[in-house]
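Please look over the structure shown here before reading on.

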Amino acid sequence: MDTEPSVGTEPIADDPATRPAVALLPARHRRLEAGHPWIYSNEVRMDDAVLALPPGALVSLRRADGSALGVAMFNPHSLLAARLIDRDAGRAVGRRFIARRIERALRLRQQLFDEPFYRLVHAEADGLPGLVVDRIGDVLVVQSNAAGMARLEPLVLDVLSAALQPRAIVLRNDSPVRGQEGLPTETRVAKGELDTRVLLRENGAVFPVDPLAGQKTGWFFDQRHNRGFVANLAKGGARVLDLYCYTGGFAVQASRAGAAETLGIDRSEPALALAREAAMLNGLDKICSFRCGEAFAEAERLAAAGERFDIVIADPPAFAKSRKEVPAALRGYRKLARLAAAVTGRGGILFLASCSYNVGELEFAEAVRRGLADAGRSGRIIRTEGAGPDHPVHPSLPETAYLKSVTLSLD
């Protein structure tokens, strides 16, 4: 755990009148004008003054002719060089600016949800590039995944404290993308105290969450509606297999909805300990069972043993973290579809998901189709879905629509 401050992350004091300017190369402003919020390094006029700017500096973006495009967070050492934060270059980015963006995000979530369990800020889609904030009751979990946002982090924490008065704010600045921004990793309680697990409520079920040690921010809010949908299909005594079950979100909710038997498989013992605890908290420990294992191997073993399930769920971690990994990822999704279909009974339900934003929706669908064909199975797609509404999508940034899922009824 690295808790030393990052080089170049001193808080920004922004003044549009004295803010440095960064010019784009001729004709390289068109994508930004069309709505896309990112500028790459090969689109920037990289003179000595620009190269000397500290990572995360706020800059006024300009066209090649000198006319203003907006204000952006700039990192001369990253391929993704500039992240537009406002299209008004005269806008000062300070505490008031941050407060307005967070208040806007909060109003939307309060419209969407009755309880304080959701993703509060979803980066560019909420107008705060590189910032993720998850709200788990009175605990907030914050990730700053861009050098500019790391500089603004003190203001973000101040605004969150004033607006929500949380018991604790946890910094989960351990994402691999921080390395691409030249930022160190750290995980710590930034404000307040956190000496116990946090309880989360979702779709009527209760789950213990570990914001300091769990994957990402400790909970995957993006699958909330998908978990509810699949759980509803389990009513009436279904037998359910949950591959990559993590802390039991799908498995426990399916059991609570009426499944007769649920088996969850994951290779993380800490995650399985939380899943077992969730089953006990919901009075479902006689229905839910969890086993440590690798999903592909366990699915093969179950199929060879003649095991069949009414519902099979496969929600793996990202198979492709870069474009070069996509071909291997597609082979992985095809194999996963084949193995999962092999343990799905006739007339059963198969739910498959991909959180690899480098894998397109059509690519994923084709991998699933091929996997079903490999298994000699046919069926009907009854639902395709992405993330929940607390993970809004930036209309010009397809990367924010990373989650893809398909639910099939297999013949």
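What follows is a set of questions and answers on helices, sheets and rings.

This is a predicted model, in which local features need pLDDT of at least 70 and side-chain atom pairs count only at pLDDT 80 or more, while totals for chains, interfaces and linings use all residues. Residues are numbered from 1 along each chain as its sequence is written, and side-chain values use heavy atoms, with hydrogens and water left out.

Student: In what order do the 5 strands of the open sheet with S6 stand?
Tutor: Strands are DSSP runs of E with at least two residues, and helices are runs of H or I with at least four, numbered from the N terminus. Two strands pair if DSSP finds at least two bridges between them. In this sheet the pairing is mixed, and the order is S6-S7-S8-S9-S10.

Student: Which strands stand at the edges of that sheet?
Tutor: An edge strand here has a single partner strand, so one side of it is left without a neighbour in the sheet. The strands in that position are S6 (117-122) and S10 (186-192).

Student: Which residue in S9 is the bridge partner of Val 139?
Tutor: Strand S8 (residues 139-144) and strand S9 (residues 168-173) run parallel and are joined by 4 bridges. The partner of Val 139 in S9 is Ala 168.

Student: At what angle does H4 run to S8?
Tutor: Angles run from 0 to 180 degrees between N-to-C directions, and axes are lines fitted to C-alpha atoms, for helices over the stretch in contact. H4 lies across S6, S7, S8, S9 and S10, and its angle to S8 is about 165°.

Student: Are H3 and H4 parallel or oblique to each other?
Tutor: The axes of H3 (residues 95-112) and H4 (residues 147-164) come within 9 Å and cross at roughly 50°. Angles under 35 degrees count as roughly parallel, over 145 as roughly antiparallel, 65 to 115 as roughly perpendicular and the rest as oblique. H3 and H4 are therefore oblique.

Student: How many residues of the contact of H3 with H4 are charged?
Tutor: Contact means heavy atoms within 4.5 Å, and the residues making it include Arg 95 of H3 and Asp 158 of H4. Asp, Glu, Lys and Arg count as charged; Ala, Val, Leu, Ile, Met, Phe, Trp, Tyr, Cys and Pro as nonpolar; and the others, Gly among them, as polar. The contact has 11 nonpolar residues and no polar ones, and the number charged is 2.

Student: Which strands are the edge strands of the sheet of 7 strands?
Tutor: This open sheet has mixed pairing and the order S15-S14-S13-S16-S17-S19-S18. Each edge strand pairs on one side only, and the two are S15 (288-292) and S18 (379-385).

Student: What angle does the direction of H11 make with that of S19?
Tutor: S19 (residues 404-410) pairs with S17 (residues 344-354) in the antiparallel sense over 6 bridges. Helix H11 (residues 361-374) packs on the sheet and touches S17 and S19, and its angle with S19 is about 30°.

Student: Are the rings of Phe 296 and Phe 319 stacked or edge-to-face?
Tutor: Rings of Phe, Tyr and Trp (its six-membered ring) pair if their centres lie within 6.5 Å; planes under 30 degrees apart count as stacked, over 60 as edge-to-face and the rest as tilted. The whole structure has 7 aromatic pairs. In this pair the centres are 6.4 Å apart and the planes are at 80°, so the pair is edge-to-face.
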